[in-house]
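Opened the notebook to go through this one piece by piece.

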Amino acid sequence: MKAHPGRLASALLLTLMLASGASAQEGRDPLMRLERTARYSVEVLMDSARLMGLPTRPIESKVLEGLSKNASPRLILAVARNVFRSLRDARAALGPKATLDELDAAASALRVGMTQSELGQLGRSQHGKLLTVPLVVLVDLISRGVPRDTASQTIFQLWQRGAADDDFLGLWRGVERDIVSGADPGAALLNRARQVPSREPPPVSPPRPE
Amino acid sequence: MADSKQHATAIAVSLALLTTTGEHAVAQNASELEARLQAGAMMSTRRGNPLPLNALALTPGIRYADRRFSVSASGEAWLNGERWELGSSAAAFQAQTPLLHGVRAEVLANATRRFVDPSLQNDQLDAEGRVHFMRQRGGVWLGSGVARPLRVSTVTNVNVNSGGVWTRLGSTTLRGSVTSFFFTKLASPDTIEETVPCTAQLDAAQPLAPTGTGMAAIQSSNPGCRHQSRLTDLEASVRWQHRLLELTVRGGQRFGNSFDVTPESRQWASGQAAFWVSSQVAAVAGGGKEPAQPTRGLPARSFGSLGLMLAYWPIPRGVVPVATPASLINAFELRPAGTAVQRITARIGGVESVEIMGDFSDWTALPLIRRGRDQWELLVPMSAGVHHINLRIDRGQWIAPPGMPTMKDGFNGEVGVLVIKP
């Protein structure tokens, strides 16, 4: 059968159009899925974050998460604003040297009720270690019903005693298991925290004046 | 004609078509609706009363479960020749209290109909209360209850006391239980099947009449005579699951005097294996020995089965509001699979699709690939650092995968928080 040149040209054109459409879609800003007014507000929020030297990725990620979970534009914007505020406060508490992961985890901790001063206290006793895992564990414990003060104090004490990331994750596993088994969340944390070994000797108390 | 040693042997060759509508379909309040229909061919023989080899069984069942209670019903219908007959069936109710300091109370009530063959079948109502002490990987329980067999002229109420222990070691579940039965038997011609005479009126040394004639004579001379029966079952089971293979082995020992426990019911053992050829086809084989149920007048029996399970699929979504129960997920793991790549593996049985999403995918859902009946896998580019991740089953609700810290997502849900070290 003889191919018609006109049909061939049309098919080629259609293919080119589809290909160009697909590549345009691939390169499209993912925030385009957000309703226009809300998108404008998010863009302003991200510009503000850039100006303040804050990472914009957590804000953008939260917006995309909200879109995938079919949240309303209004709720997405409210949550994005909350993320922005908590990032700003976390940076103020931890200082400019905090890593992106630390900032993100610290912002989450602030959102579940940890105070800026408690966060600052943790940041000041870092001794070169990363705060990410203790903060991730802290946020989970508070979400599971451990009283906020008990959780922050316990994590802070373990942090000062030199607990490592694996200690914090082991503590989390133990507390989670106890809570599932019906234990009181606060009591479970205190009980499990006692079993975490001390990694550093307690600070030597200053000598008393004769 | 009945034999003195009533012995039923059933060989089931079942080609099962299991259409499951709503296997673990869970409503937003964690309620659960499950319905199933099983069709199969079965052959069974019992001495003196064979069941046709071409009998076909349909087994529909439905179950609704909430956090506090569950109700279920199941039945079995037999195509016997050209006529349908009702086989075994059951209706059950179970209610439980919330878990408090690892302790939970439970009430169970059942109405069951047992069908051995067209000439041997009866009904029973029973209720039991249990107290469980549960930990993450094991637990113990104690229970007490009463059962009322119907259409069994030889038995009054049955007092049942039970206790048990279970533990889970990796993919193996071990279970042990002790159950004691205490009941009164009325001497009647039917009791000869269990060789339980009215001892108060009988010389123990006197051999029992193998036919109904002797017993009828005893009963006619002592119409009110009764026998107090007591027997205890000790049973253990092991269930092991590895990739495509499921094995279940159980065995038991019955204690009681010779009037209550026939020799063939002293010990029993059985096993069953299922090998999943694909996600929807499994070869099933099993066999063993089951003890008698003297409270219901059902004899001990040996059985063997060989079958092929052909299909298994969940409810069309949208019929029931669906959420994902974390309890469906038997395992969820991430392992490094190269530079900045993680291999996600999950063991989730009886579902059609598993998806994940997170910041690493710009919150686009990524379907996991089925690698076996309950094995799912996906390679995901994921750099070192903190990542937020969600998982969903059968396009249900997004949940945090088990085994990792979680946090609220701000959208009335939760995300899992992964920390991947450099």
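Before counting anything as paired, I note the rule: two strands pair if DSSP finds at least two bridges between them. I also keep in mind that this is a predicted model.

**Entry 1: a sheet in chain B**

I looked up β18(B) and found that it pairs with β19(B), residues 341–348, in the antiparallel sense over seven bridges. One bridge I picked out joins Glu333(B) to its partner Thr345(B) in β19(B). Then I traced the whole sheet, which is open, has four strands and runs in the order β18-β19-β23-β22 in chain B, with antiparallel pairing.

**Entry 2: chain A overall**

Over to chain A, where I count ten helices and zero strands. Of its 210 residues, 37% count as buried. I also checked contacts between residues at least 6 apart in the sequence of chain A: 64% of them join residues at least 24 apart.

**Entry 3: helix α7(A)**

Is α7(A) largely enclosed or exposed? Eleven of its twelve residues are buried, so the rest of the structure largely encloses this helix. The buried list includes Val133(A), Pro134(A), Asp140(A) and Ile142(A). I checked the length too: α7(A) covers residues 132–143 and reaches 17 Å from first C-alpha to last, close to the 16 Å expected at 1.5 Å a residue. After the helix comes Gly145(A), with a positive phi near 105°.

**Entry 4: who packs on α7(A)**

I looked at α5(A), residues 100–111, and found that its axis comes within 9 Å of the α7(A) axis, crossing at roughly 25°. Angles under 35 degrees count as roughly parallel, so that is how I log α5(A) and α7(A). Their crossing is left-handed. On the α5(A) side the contact residues include Ala105(A), Ala106(A) and Ala109(A), and on the α7(A) side they include Leu135(A), Val136(A) and Val139(A).

Conventions: Residues numbered from 1 in each chain as written. Chains lettered and ligands numbered in written order. Predicted model: local features only at pLDDT ≥ 70, side-chain atom pairs only at ≥ 80, totals over all residues. Helix = DSSP H or I, 4+ residues; strand = E, 2+ residues; numbered from the N terminus. Expected span 1.5 Å × (residues − 1). Buried ≥ 20, exposed ≤ 12 C-beta atoms within 10 Å, placed from the backbone. Axes fitted to C-alpha atoms, helices over the stretch in contact; angles between N-to-C directions. Parallel < 35°, antiparallel > 145°, perpendicular 65-115°, else oblique. Left-handed = near helix turned anticlockwise from the far one by under 90°. Contact = placed C-beta atoms within 7 Å.
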